[in-house]
There are 2 protein chains.
Amino acid sequence: MVGAGQPGGKPHPRRAGGSLSLNDIVVALSGGIGGAKLALGLSNALPAEELLLVANTGDDFEHLGLHVSPDIDTLTYSLAGLDNQELGWGRRDESWAFMEALGALGGATWFRLGDRDLATHVERTRRLRAGDSLSAITADFARRLGVGPRILPMSDDPVRTRVLTVQGWVDFQDWFVGQQARPAVRAVQFRGAAEARPQPELLATLASGRVRAVVICPSNPLISVEPILAVPGVRDAIAGCGAPVVAVSPIIAGQAVKGPTATMLRDLGTEPSAAAVAQRYGALLQGYVMEPDDDASGIAARVFRAPTLMRGLPDKIALAQVVLNAADRLRA
Amino acid sequence: MVGAGQPGGKPHPRRAGGSLSLNDIVVALSGGIGGAKLALGLSNALPAEELLLVANTGDDFEHLGLHVSPDIDTLTYSLAGLDNQELGWGRRDESWAFMEALGALGGATWFRLGDRDLATHVERTRRLRAGDSLSAITADFARRLGVGPRILPMSDDPVRTRVLTVQGWVDFQDWFVGQQARPAVRAVQFRGAAEARPQPELLATLASGRVRAVVICPSNPLISVEPILAVPGVRDAIAGCGAPVVAVSPIIAGQAVKGPTATMLRDLGTEPSAAAVAQRYGALLQGYVMEPDDDASGIAARVFRAPTLMRGLPDKIALAQVVLNAADRLRA
């Protein structure tokens with residue numbers, strides 16, 4: 001058990017100890033808002049070139065003829081300081097003139113796209129149709145918005161998360177936003193995952209022998225992290241990268257900080273708990289960061305206790321430090 | 001020669017005389033802003049069911065992956081009272097958050113799309129891809145925005161105006177907006193026109209024997225009206241519809257009220273004048289409405305003198321009345 005790590009707030013602190021080379025890389029898997037919070041902490045705790053963020057694209061979908069990549073955008077906007085913290089999605093200082101006009105024309109308004117956010121989807125869609133890869137577009141947008149660390153989609157091929165409810169299989173966003181995540185989920189599938197090729201730069205990094213840690217951010221395991229692990233080769237590449245794999249629990253006292261993680265786990269037959277999430281990751285995990293008061297029974301990985309609720313930037317940096325320290329201790 | 005017609009401003013005045021049936025229809029061909037002004041006048045001078053507006057689609061283009069139909073939108077926004085009178089295009093009370101964000105992502109900003117206007121292009125593009133016709137989409141948008149008269153694209157098939165300049169053939173919008181209409185035009189072509197099918201409702205109306213008048217609005221003949229006439233069958237259907245064809249000069253004292261009409265005529269070897277425009281329409285025209293002081297030499301059609309500059313709505317309605325009276329006199 002470790003404490004809350006180094007005092008937060010210092011940008012790019014250098015690690016103590018001499019066992020790591022300058023360019024060792026932290027690979028972090030992230031879904032939506034919870035993952036992006038820790039990603040922001042990591043980006044403040046590490047030099048940009050030492051952090052590689054892997055975004056879930058299972059939530060991606062076509063809407064209004066536009067390619068929307070919610071988790072890539074959440075990561076990009078968060079790291080650029082452009083995220084809308086009130087809504088938990090989209091851009092800050094957003095306006096909604098497009099949406100209002102669209103409604104007046106009879107267009108679909110159930111998935112809300114702000115005027116500024118829309119530029120991301122329109123330009124990404126245009127470039128995808130012109131033949132650019134999702135990776136290249138993501139990298140270019142991040143660079144233009146001033147994001148330092150690399151953000152990679154898990155794959156440039158389409159993977160689409162679908163959920164089985166009493167109404168049959170529906171696309172993730174239809175359930176999550178359209179039905180406000182209300183119908184109970186009986187199963188989850190990642191359509192296209194079996195044929196998807198992992199993002200090459202991700203595989204190359206994992207195979208480089210230069211990985212310091214693989215961090216599984218506190219995202220929903222079912223719909224944010226497992227789609228990444230479902231891309232053929234990714235799980236094995238992580239397991240074989242030679243670095244410790246450390247996850248952060250997205251569950252505190254049986255509840256998700258935000259989103260449907262706890263409800264989904266329960267609907268799928270698992271009592272939601274920090275331990276239940278660790279068990280889903282199984283042997284992939286060497287370290288697990290969880291709340292001091294939560295039950296660690298049945299967790300095979302080494303447990304690191306720390307506050308995991310991230311309110312402001314200091315919390316995010318502190319938790320990032322906990323995770324990095326845990327990985328370095330596992331490695332030592 | 002007639003005066004300025006009935007006093008303007010009265011909505012839907014009934015025509016005097018008993019020679020016309022209740023449902024006789026005025027078909028008006030329109031391009032951009034000048035045409036839309038007279039179209040608005042006609043829409044105030046006629047019951048909605050007695051007016052059929054035919055929009056040029058030669059200006060249409062794909063931009064940012066979206067199908068933009070500038071002349072349809074100018075007509076629709078004008079008749080809905082949503083037009084941006086300061087800019088002369090787009091919607092009133094417009095905001096530009098999308099454009100600003102697009103620029104920050106490296107997207108193309110040379111053709112400006114406002115946040116509200118963008119809804120039109122996104123939803124139209126989505127519906128076109130879903131298989132709806134441009135006609136059906138145009139009719140639905142007009143209905144939803146409260147436009148009474150029918151607005152028809154000249155064709156549901158793509159026709160693309162291109163201009164030859166010293167740099168070779170370029171798409172119309174690249175020249176008109178991208179190059180601010182600066183390079184001299186040596187030729188104009190309507191790509192796709194020869195294969196385009198005229199909008200069926202337009203042909204049916206022209207063949208119905210119920211047409212009161214065909215009005216050629218004061219639009220640029222070269223790039224607004226002639227694309228409509230270039231769709232196979234349209235010119236013959238107009239000539240054979242049994243109603244007088246009356247055009248309004250877009251040229252006053254050798255100048256266009258707005259836009260490149262005068263410069264284009266000159267670049268193509270014709271001194272810009274009201275008469276030169278009438279001569280381009282040739283035998284199609286029975287009536288021509290032009291300024292009292294302009295030279296009518298060489299105009300084969302019957303000339304009707306009236307003020308043609310439309311500032312406010314009363315001017316538009318007054319000019320509409322002049323045109324209707326001219327047509328009815330030619331018919332009598």
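Me: Which residue of chain A comes closest to the rotation axis, and at what C-alpha distance?
Reply: In this predicted model, A:Asp115 is the residue of chain A that comes closest to the rotation axis, with its C-alpha at 3.1 Å.

Me: How do you know that the two copies are related as by a two-fold rotation axis?
Reply: Chain A superposes on chain B by a rotation of 180 degrees, with 0.0 Å of shift along the axis and an RMSD of 0.0 Å. The two copies are therefore related as by a two-fold rotation axis. The same surface serves both copies, as 96% of the contact residues of chain A recur in chain B.

Me: Why is α1(B) called roughly perpendicular to α12(B)?
Reply: The axes of helix α1 (residues 33-45) and helix α12 (residues 313-331) of chain B cross at roughly 75 degrees and come within 7 Å. Angles of 65 to 115 degrees count as roughly perpendicular, so the term applies to this pair.

Me: What makes up the contact of α1(B) with α12(B), by class?
Reply: The contact has ten nonpolar, three polar and two charged residues. On the α1(B) side, the residues include B:Leu38, B:Leu42 and B:Ala45. These helix α1(B) residues belong to a set that meets residues of α12(B), among them B:Ile317, B:Val323 and B:Leu324.

Me: Why is B:Leu64 called buried?
Reply: Buried means under 20% relative accessible area. B:Leu64 has 7% relative accessibility, so it counts as buried. B:Leu64 lies in the loop between β3 (61-63) and β4 (66-68) of chain B.

Me: Is B:Ala253 buried or exposed, and why?
Reply: The cut-off for exposed is over 50%. At 58% relative accessibility, B:Ala253 therefore counts as exposed. Its place is the loop between β11 (251-252) and β12 (255-256) of chain B.

Me: What is the phi of B:Leu64, and what is that of B:Ala253?
Reply: Most residues other than glycine have a negative phi. B:Leu64 is not a glycine, but has a positive phi of about 55 degrees. B:Ala253 is not a glycine either, and its phi is positive at about 50 degrees.

Me: What makes strand β9 of chain B mostly covered?
Reply: Six of the six residues of β9(B), residues 211-216, are buried.

Technical notes. Residues numbered from 1 in each chain as written. Chains lettered and ligands numbered in written order. Predicted model: local features only at pLDDT ≥ 70, side-chain atom pairs only at ≥ 80, totals over all residues. Heavy atoms only, no water. Buried < 20%, exposed > 50% of the residue type's maximum accessible area, 1.4 Å probe, protein only. Helix = DSSP H or I, 4+ residues; strand = E, 2+ residues; numbered from the N terminus. Axes fitted to C-alpha atoms, helices over the stretch in contact; angles between N-to-C directions. Parallel < 35°, antiparallel > 145°, perpendicular 65-115°, else oblique. Contact = heavy atoms within 4.5 Å. Nonpolar A, V, L, I, M, F, W, Y, C, P; charged D, E, K, R; others polar. Least-squares fit on C-alpha atoms with pLDDT ≥ 70 in both.
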